[in-house]
Amino acid sequence: MSEDSKPQEPSEEKSSRKIKSPRLRVPRENFTHAKSKASKEKKTSRETGAVVPQVPEANVPHTPTHALASGTRTTGSKSADTKSRGRKTGHNTATGRRWPRVFAGSATAALAVGLVAAGTLFPGNDASAQLDPVAQALPMGDVIANCTGPTRLLSGSAAGADPEFAAASSSSKSQLSALVLSDPEGVLPGSSIDSLDNAATPLTTLATAPQETAPQETAPAASSAPATTLAPVTGVAKGKAAVVANKDISAATALRVQPLNGIAYPAIGSVVVGAKDGDLRGLAAANCQQASNDLWIAGASTTVGRTAVLVLSNSSKSPATVSLELFGKNGPLVAPGGKGLVVAPGTERSVVLSGLASDQELLSVHLKSTGGPVSAVVQQSVLRGLTPGGVDFLAPVQPPALTQTIPGVRVVDPAAASAVTGQPGYSDAGTALEVTVPGIRDVVVEVKAYGASGQVALPNGGVFTAGAGKVTELALAGLPQGSYTLTLNADSAVAATVRLMNSTKPGDAVDLAYAPATQRLGVNHLVTLPGGVSSNFVFTAPTGSASLTLTPVSSSGVLGPQKSVDLKAAMTSVIDPSALLGDGVAGVLISASGAPVFGTQLLGAKDSADIAVLPIVGSSADSQSLAITVKN
């Protein structure tokens, strides 16, 4: 294009004016003509197989849209009638000079539409064709789950980050149990319990890594290998497990499991801490936890006599910078000290939540980290005067969602519960649901409770309103004694947990525990059966009938014959693993089929108020593959 034929740009002075461009009125027949012409060209190209040549955008003259349609006008000159229309409508001649710039954009847009249409006619030219998602095998590294250490008593009035701790009770016992499943041929992946520090020193070896085999051309599906571990016909297990049972620990550790031929096999670790005296008297338990960059923890309290210590663990090679969002009974809490908390690689860091948000009866924490991922638990304890009120590890709950399911809600006899909560300072010693709303509007929540005989009515039909940005409590004292599963349906996302209480008689020490919302069960969930405490499984299929298979794992790693359990719809079943599977069982492999099943593990002790909850967590193989949408 010559210099003379280029459209003239308005001067800087005139182009800076705010001038309203006239509306473009394009005759309908021009579009009809263009559409008919394009249709004929399309038909001709299909019949002849000819490819319509494409004109480079740089060579396209600046032409108004209606000119492209009719082919009768260009912007090289302005007609007299154009000028006349400009004068009649009160526009000056600068408007006419702005048209080439306006029309240039229209021409480019029209050309872009044409190119997209061409890409539709000729798939080979389409740069945005979307293919169906394909499951891609992810490269697997070591799977590391951080295991919390013993409960620790704060020294003096420590508050904020990096507090000091006093010596533990002489009666306190902290033990770690772990299971790692083999492949279908009985080959165990390399696995160990390491110190949680920069050295990552192996403290106990579960299994030595086998010699590497030749890589396969096609990686097997994530769940295919573990799912074939059990023989479907005879019920006799082919595989085995590596077991560490009731190992005494004095600090935080990490369970490390290496992949086997590119597959991460199920593994689980749990820590149980019990004390018969001292301010931290009671039972606390937590599963070893894979690190994450986004976690929610509910159930904390920082009122007088209540201590909440957030413990952050980083077993990665990168530093983690953690920021906390706090939600209380009256709304979101501003806590500048909860921003930019650095957790160095191979370390753990403790934060006393009362230093960030004091005198909070109900407190939930949303944790986000950048850099390395972290695991997190809150050590929650209660001291009423000189009487211990219980201790527990608050594990992360499911992230906020429209529906939540909480299994393992154990309710004591209402009369006994009333006698305890009626004492001065014991108002928070009852069983209650805590719902956190992270959003900016109030949420209507419907709660249903499923017991051994089916659904049980709740006051007001189980419907209540949870405030925006707040933690709202719903007392469950009206439920008869028994074990329940709660389902929540909300019109906006919520997070949830249930505070449990157990006691022997008024005036004696009580213990507390928290049952978090959990995920639906699938196949091959490993569960430890810690020694020195009783264990019971609580399962519910709220929407329909389902089936469970439970395979015992002995202390020597032998997988015994599996047992089947049928679950009736909307009924909660409590299973004693010792009665079903026999003595000497160190763990259980659980699989569910049919309607969605939710379950958890309740721990306790005979003739004691001790109570704790170990949720049934997902398998390490759950994240083996990822569906990826590919664009050509």
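## The second largest cavity

About 80 Å³ of space sits in the second largest cavity of this predicted model. On a 1 Å grid over the protein atoms alone, a cavity is a set of points where a 1.4 Å probe fits but cannot get out, and lining residues have an atom within 4 Å of a point. Grid points are joined across faces, edges and corners, and a volume is the space filled by probe spheres set on the points.

The lining here has 13 residues, and nearest the centre are Asn146, Thr148, Ser313, Ser375 and Val377. Strands S2 (143-147), S12 (282-287), S15 (306-314) and S21 each give at least two lining residues, with S21 giving the most, three. (Strands are DSSP runs of E, at least two residues, numbered from the N terminus.)

Sorted by class, the lining comes out as five nonpolar, seven polar and one charged. Nonpolar means Ala, Val, Leu, Ile, Met, Phe, Trp, Tyr, Cys and Pro, charged means Asp, Glu, Lys and Arg, and the others, Gly among them, are polar.

## The largest cavity

The largest cavity has a volume of about 140 Å³. Among its 21 lining residues, Val382, Asp428, Arg499, Leu512 and Tyr514 are closest to the centre. S14 (294-300), S21 (375-384), S29 (482-502) and S30 (511-516) each supply at least two lining residues. This lining has nine nonpolar, five polar and seven charged residues.

## The whole picture

How many cavities of 30 Å³ or more turn up in the whole structure? The search finds five.

## About the model

Residues are numbered from 1 along each chain as its sequence is written, and side-chain values use heavy atoms, leaving out hydrogens and water. Because this is a predicted model, local features need pLDDT of at least 70 and side-chain atom pairs count only at pLDDT 80 or more, while totals for chains, interfaces and linings use all residues.

Technical notes
On a 1 Å grid over the protein atoms alone, a cavity is a set of points where a 1.4 Å probe fits but cannot get out, and a pocket is an open set with protein on both sides within 12 Å along at least five of seven lines; lining residues have an atom within 4 Å of a point. Helices (H or I, at least four residues) and strands (E, at least two) are DSSP runs, numbered from the N terminus.
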